[in-house]
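These are my notebook entries on a structure that I had not examined before. I set down below what I looked up, entry by entry.

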Amino acid sequence: MMTSSNPQEPLRKTNRLDDFWMPFTANRQFKAKPRLLESAAGMYFTADDGRQILDGTAGLWCCNAGHGRREITEAVSRQIAKLDFAPTFQMGHPLPFELASRLAEIAPAGLNKVFFTNSGSESADTALKIALAYQRAIVQGTRTRLIGRELGYHGVGFGGISVGGMVNNRRAFPLQLPGVDHLPHTLDVARNAFSRGLPEFGIEKADELERLVTLHGAENIAAVIVEPMSGSAGVVLPPVGYLQRLREITRKHGILLIFDEVITGFGRVGKAFAAQRWGVTPDIITSAKGLTNGAIPMGAVLVDEKVYDAFMQGPDGIELFHGYTYSGHPVACAAALATLDIYQQEQLFERSIELESYWQDGLHSLRDQPNVIDIRSIGLVGGVQLAPNSQGVGKRGFQVFEQCYQDDLLVRVTGDTIALSPPLIVEKTQIDCLVEKLADAIRQAN
Ligand code: PLP
């Protein structure tokens with residue numbers, strides 16, 4: 001219930017906070033001590049008390065071009081006035097076709113068929129369904145098993161939590177997909193702490209896939225899904241050679257390889273997609289977030305043409321019984337096209353790689369702060385891992401998060417790892433400011 005009937009008026013602190021069941025949030029804690037953001041421009045949010053908050057997280061890993069981009073706002077308002085909605089089931093409109101071609105241009109070679117969704121979770125579930133249906137289409141119908149990885153995050157659908165490996169996202173929902181197995185994660189602080197670039201140790205974790213193939217039989221496995229770099233679990237990088245090894249093993253056994261690039265897509269690690277950064281081409285890439293700069297919900301699944309072509313061989317008719325009312329929504333497409341223009345015109349993917357070493361140096365300067373046990377970074381993403389305090393896992397990390405917010409910096413915390421992913425327009429002075437505030441907050445935490 002708003003206290004004001006005028007939608008132009010800013011949110012009042014007297015608004016009732018009771019009724020919104022907030023996602024992935026400690027609701028009671030938040031409602032007792034809310035943190036409300038009212039507007040945003042460039043690198044900053046404005047909080048309800050007027051403070052300018054430096055955005056160290058691109059919102060939620062999505063506003064890669066910074067906030068309040070006029071080009072996106074205008075494209076969205078033009079499009080909603082022209083065509084607010086059109087069905088894409090047995091009907092069409094020009095924008096998703098155009099957007100699919102634009103995405104194919106920046107995707108790894110061969111991944112030029114695009115299925116649109118509304119979120120990362122839907123992209124993950126769509127990719128898993130395509131993988132299963134593909135194996136049937138090529139008369140490999142026994143291939144029904146899906147392999148994920150410990151610490152993986154693929155959103156919150158039943159498919160995504162089944163292949164995902166973050167226990168809190170799974171433990172309250174025991175009814176998951178059957179026939180799923182997991183690779184071990186690649187986080188190895190003991191051997192790889194404070195690595196610069198990709199960690200040296202851990203390629204052998206990919207060989208676990210051979211073990212799972214031996215255990216289950218290659219003829220029963222449809223696909224492997226991993227994030228090339230896990231973001232949500234606290235910025236976990238692939239060891240040198242690891243992704244290549246996964247590719248070799250999947251190819252050898254006729255298993256599809258899916259990269260979940262919902263976070264790593266659109267320049268976060270220095271190329272359009274992490275697949276290109278590390279020179280490993282999967283069969284399917286999932287994306288969302290940076291696709292529209294976070295302005296309108298949208299996801300996209302990029303599929304190798306051989307997979308698509310397999311669906312086009314059967315009898316005439318609907319080839320894939322899957323889709324969302326809002327797949328290829330005109331307003332979302334307009335936002336995405338305007339976003340891709342910005343990325344290209346401002347060369348933001350290149351900027352992410354240009355700033356990489358400055359960013360890395362800044363983060364690694366935190367090494368001597370109290371309780372810092374690892375620092376991981378690549379492109380314009382970083383994780384600073386703290387030792388847990390005596391109150392339990394995540395408590396110290398949350399203290400740092402709260403202190404940063406009080407000091408006008410938004411960071412993200414997962415367990416005791418502070419995850420950072422500023423918009424790719426970040427300036428060096430803003431990197432300095434972020435590092436300084438974070439160092440202060442880490443010193444103050446107990
Ligand atoms: N996959 C990955 C790798 C993610 O990081 C996320 C969200 O952070 C998702 C899927 C889920 O995306 P969404 O929250 O848009 O459903």
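Entry 1. I began with Gln-90, which sits in the loop between helix H3 (70-82) and helix H4 (94-106). Helices (H or I, at least four residues) and strands (E, at least two) are DSSP runs, numbered from the N terminus. I noted that the model is predicted: local features need pLDDT of at least 70, side-chain atom pairs count only at pLDDT 80 or more, and totals for chains, interfaces and linings use all residues. Residues are numbered from 1 along each chain as its sequence is written.

Gln-90 is not a glycine, yet its phi is positive, at about 60°. I recalled that most residues other than glycine have a negative phi. Is Gln-90 buried or exposed? Gln-90 counts as exposed because it has 6 C-beta neighbours inside 10 Å. By the cut-offs, a residue is buried if 20 or more other C-beta atoms lie within 10 Å of its own, exposed if 12 or fewer, and partly exposed in between, with C-beta atoms placed from the backbone.

I then turned to Val-139, in the loop between H5 and strand E5 (145-149). Val-139 also has a positive phi of about 60° without being a glycine. With 8 other C-beta atoms within 10 Å, Val-139 is exposed.

Entry 2. I located Ala-109 in the loop between H4 and E4. Ala-109 is exposed, as 10 other C-beta atoms lie within 10 Å. The C-alpha atoms of Ala-109 and Gln-276 are 9.6 Å apart, although 167 residues separate the two along the chain.

**Entry 3. The sheet.** I traced an open sheet of 7 strands in the order E4-E10-E9-E8-E7-E5-E6, with mixed pairing. Two strands pair if DSSP finds at least two bridges between them. Which strands stand at the edges? They are strand E4 (113-117) and strand E6 (180-183); each has a single partner strand, so one side of each is left without a neighbour in the sheet. On average, neighbouring strands of this sheet are turned by 20° against each other, direction ignored.

E5 and E6 run parallel and are joined by 4 bridges. I found that Arg-149 has Leu-183, in E6, as its bridge partner.

H4 lies across E4 and strand E10 (299-303) and runs at about 120° to E4. Helix H9 (residues 242-252) packs on the sheet, where it touches strand E7 (221-226) and strand E8 (256-260), and its direction makes about 145° with that of E8. Such axes are lines fitted to C-alpha atoms, for helices over the stretch in contact, and angles run from 0 to 180 degrees between N-to-C directions.

**Entry 4. Domains.** The protein chain is divided into domain 1 (27-65 + 349-444) and domain 2 (73-345), with bounds from an automatic or database domain assignment. Their contact takes 30 residues from domain 1 and 28 residues from domain 2; two residues are in contact if their C-beta atoms, placed from the backbone, lie within 7 Å.

**Entry 5. The ligand.** Which residues come nearest to the ligand? Of the 14 residues around the ligand, these are Ser-119, Gly-120, Ser-121, Gly-155 and Val-262. A residue is near a molecule or strand if its C-beta atom, placed from the backbone, lies within 6 Å of it. Helix H5 (residues 120-137) gives the most to this shell, with 3 residues.
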